[in-house]
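Here is a briefing on one protein chain.

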Amino acid sequence: MNFSSRLLEEAVNEFSKLPGVGQKTALRLVLHLLNKDEAEIGRFAGAMVTLKKDIKYCTVCHNISDDETCSICTSPKRDHETICVVEDTRDVMAIENTNQYFGSYHVLGGLISPMDGVGPSDLQIESLVKRVATHPVKEIILALSANMEGDTTLFYLHKKLKDFNIPITTIARGIAFGGELEYADEVTLGRSIITRVPYENTLIKG
Ligand SMILES: [Zn+2]
């Protein structure tokens, strides 16, 4: 792409670093913003800077939060003895949108992926084990994506958690999930949470 302006090129390059944004889309967004007045652009940029500066991660479940402990972990209406383990905050939002789950969460912050250099110690796994060891827990639901990284992470989590003798369940793995969980329709996702099955059952082949 040939730019008539170096400033324009720099702005487009920044936008095209975003996931799913090619140079054409980046150019459209930049030109759109350029038509706004300076105060509005200031609010746009300021919202991102403030978000990055002030955002917290819940000390219990590691979900993105405005406070030290998130609104789910502090809610007396939630079942804190059921923990749903997910990859990231998008999964929490998708599951919350189903209105079918009233337990708590544990956000791993990714999946085990040796190809990308992500090992168990890069994720919130030790804190999950510690949480299970120090709090009453009656069920752990593993709600991870149906791909190789999801499978690897499920297997590892099961190994770390099985000796607590707490039921470990998993949701139906046929549906688009994990990073794509937000796109799974709410009815399907809600149903798969209700009809979750013991993880051990999913290991029986044929
Ligand atoms: Zn929390």
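Cys84 has Ile141 as its bridge partner in β5. This is a predicted model; local features need pLDDT of at least 70, side-chain atom pairs count only at pLDDT 80 or more, and totals for chains, interfaces and linings use all residues. Residues are numbered from 1 along each chain as its sequence is written. Strands (E, at least two residues) and helices (H or I, at least four) are DSSP runs, numbered from the N terminus.

**The sheet**
- Five strands form an open sheet in the order β4-β3-β5-β6-β7, with mixed pairing. Two strands pair if DSSP finds at least two bridges between them.
- β4 and β7 (197-198) are the edge strands, each with a single partner, so one side of each has no neighbour in the sheet.
- Strands of a sheet pair through backbone hydrogen bonds, either parallel or antiparallel.

**Pairs of strands**
- β3 (residues 79-86) runs parallel to β4, with five bridges between them.
- On the β4 side, Cys84 is bridged to Tyr105, and Val86 stands opposite Val107.
- β3 also pairs with β5 in the parallel sense, over four bridges.
- β5 and β6 (residues 168-170) pair in the parallel sense over three bridges. Leu142 has Thr170 as its bridge partner in β6.

**Crossovers**
- β3, helix α5 (residues 89-98) and β4 make a right-handed β-α-β unit. Right-handed means that, with the strands pointing away from the viewer, the path from the first strand over the helix to the second runs clockwise.
- β5, α7 and β6 make a right-handed β-α-β unit.

**The core**
- The largest nonpolar core has 33 residues. Such a core is a set of buried Ala, Val, Leu, Ile, Met, Phe, Trp, Tyr and Cys residues joined through C-beta atoms within 7 Å.
- Among the residues with the most contacts inside this core are Cys84, Tyr105 and Leu142.
- β3 gives the largest share of this core, four residues.
- Four of the five residues of β4 (residues 103-107) are buried. Buried means 20 or more other C-beta atoms within 10 Å of a residue's own, with C-beta atoms placed from the backbone.
- Tyr105 touches residues including Cys61, Ile72 and Val92, not counting residues up to four places away in sequence. A contact needs C-beta atoms, placed from the backbone, within 7 Å.

**Domains**
- The domain assignment gives domain 1 (6-54) and domain 2 (70-202). Such bounds come from an automatic or database assignment.
- The centres of domain 1 and domain 2, taken over C-alpha atoms, are 34 Å apart.

Note on methods. A residue is buried if 20 or more other C-beta atoms lie within 10 Å of its own, exposed if 12 or fewer, and partly exposed in between; C-beta atoms are placed from the backbone. Two residues are in contact if their C-beta atoms, placed from the backbone, lie within 7 Å.
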